[in-house]
Amino acid sequence: MSSVNNALLILALALCPAQTIAQVCGNEPGFEYFAEGDNRSCKWFRFEEQRREEYCLIGCINSACKHTCGECCFDEPDYTFERNSGLEGNCEWVAENANRINRYCVQDATEIRNGRSVRDACPVACDYCFDDITVVDSAAPTPTKSPISSCVDDDEFTFTLPFVEEMRHCDWFKEHKNDARTRKRQERLCDEKEGGITISSACCAACTPL
């Protein structure tokens, strides 16, 4: 981030609402912050990664936009929506089937169902969680690193992602450093096979349960 942008972000703290009460987890529905000429919601900040990385360093945004800024990620347990068939669906139903994930989380990602998109209400089911961006306390001690597992991944092994038909290496499972997202990917793919090889055997460390 440039020195000019850094200075602007420091000054921008004065624009934070006087009282920001964030939910235990997720984005605060009524939160708005004036940025780039208009009042912006938490959803706007997550739309572009560069924007998210810049604005989530502002304390009031980080506090109010917990999902956007990656502090937590969870499926709304009470959320239901009308499926294309007319029947009722929920996050758990979507997560049960890769075809449903592709239909409701990807193809219809921005379609509003029961007040919000399925991807917004079911981020874990839709693999729509974000890396954590923390407003760092300079006085806080540096956390110690976890010991390295003796289980290692095959760096040359690749496997195909369903639907998008793209190849991935083992480090794809944990590239976002988000536990909920990693677990979802492990559950979905680690038991599958690629070229007769079980993915979990080639991606031993990546598929180790958290």
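## Disulfides

A disulfide is taken here as a pair of cysteine sulfur atoms within 2.5 Å. In this predicted model, local features need pLDDT of at least 70 and side-chain atom pairs count only at pLDDT 80 or more, whereas totals for chains, interfaces and linings use all residues. Residues are numbered from 1 along each chain as its sequence is written, and side-chain values use heavy atoms, with hydrogens and water left out.

The structure holds 7 disulfides, among them the one that joins C190 to C207, with an S to S distance of 2.1 Å. The torsion about the S-S bond of C190 and C207 is about -90 degrees, so this disulfide is left-handed. Because C190 lies in the loop between α8 and β9 (193–194) and C207 in the segment after α9, the pair ties together parts that are 17 residues apart in sequence; helices (H or I, at least four residues) and strands (E, at least two) are DSSP runs, numbered from the N terminus. Both C190 and C207 are buried, where buried means under 20% relative accessible area, exposed means over 50%, and partly exposed lies in between (1.4 Å probe, protein chains only).

## Two further links

Another disulfide joins C170 to C203, with an S to S distance of 2.0 Å, and with -70 degrees about the S-S bond this link is left-handed. The pair of C170 and C203 connects distant parts of the chain, since C170 sits in the loop between β8 (167–169) and α8 while C203 sits in the segment after α9 (199–202), 33 residues apart. C170 counts as buried at 4% relative accessibility, and C203 is buried with a relative accessible area of 0%.

C91 and C122 also form a disulfide, with their sulfur atoms 2.0 Å apart, and the torsion about its S-S bond is about -75 degrees, so it is left-handed. C91 lies in helix α5 and C122 in the loop between α7 and β7 (158–160), so this pair ties together parts that are 31 residues apart in sequence. C91, at 5% relative accessibility, counts as buried, and C122 is buried with a relative accessible area of 0%.

## Helix α6

Helix α6 covers residues 98–107, and its buried residues are R100, I101, N102, Y104 and C105. These buried residues pack against β3 (80–82), α5 (91–95), β5 (112–113), α7 (118–121) and α8 (179–189), where contact means heavy atoms within 4.5 Å. At the start of α6, a side-chain oxygen of N97 reaches to within 2.7 Å of the backbone nitrogen of N99.

The largest pocket has a volume of about 600 Å³. Of the 27 residues that line the largest pocket, V106, C126, D127, W172 and R188 are the closest to its centre. On a 1 Å grid over the protein atoms alone, a pocket is an open set of points where a 1.4 Å probe fits, with protein on both sides within 12 Å along at least five of seven lines, and lining residues have an atom within 4 Å of a point; grid points are joined across faces, edges and corners, and a volume is the space filled by probe spheres set on the points.

Helix α6 gives the largest share of the lining of the largest pocket, 5 residues, and α3 (49–55), α6 and α8 each supply at least two. The lining of the largest pocket divides into 14 nonpolar, 2 polar and 11 charged residues, where Ala, Val, Leu, Ile, Met, Phe, Trp, Tyr, Cys and Pro count as nonpolar, Asp, Glu, Lys and Arg as charged, and the others, Gly among them, as polar.

Terms used
Polar contact = N/O pair within 3.5 Å; in protein donor to acceptor, adjacent residues only side chain to side chain.
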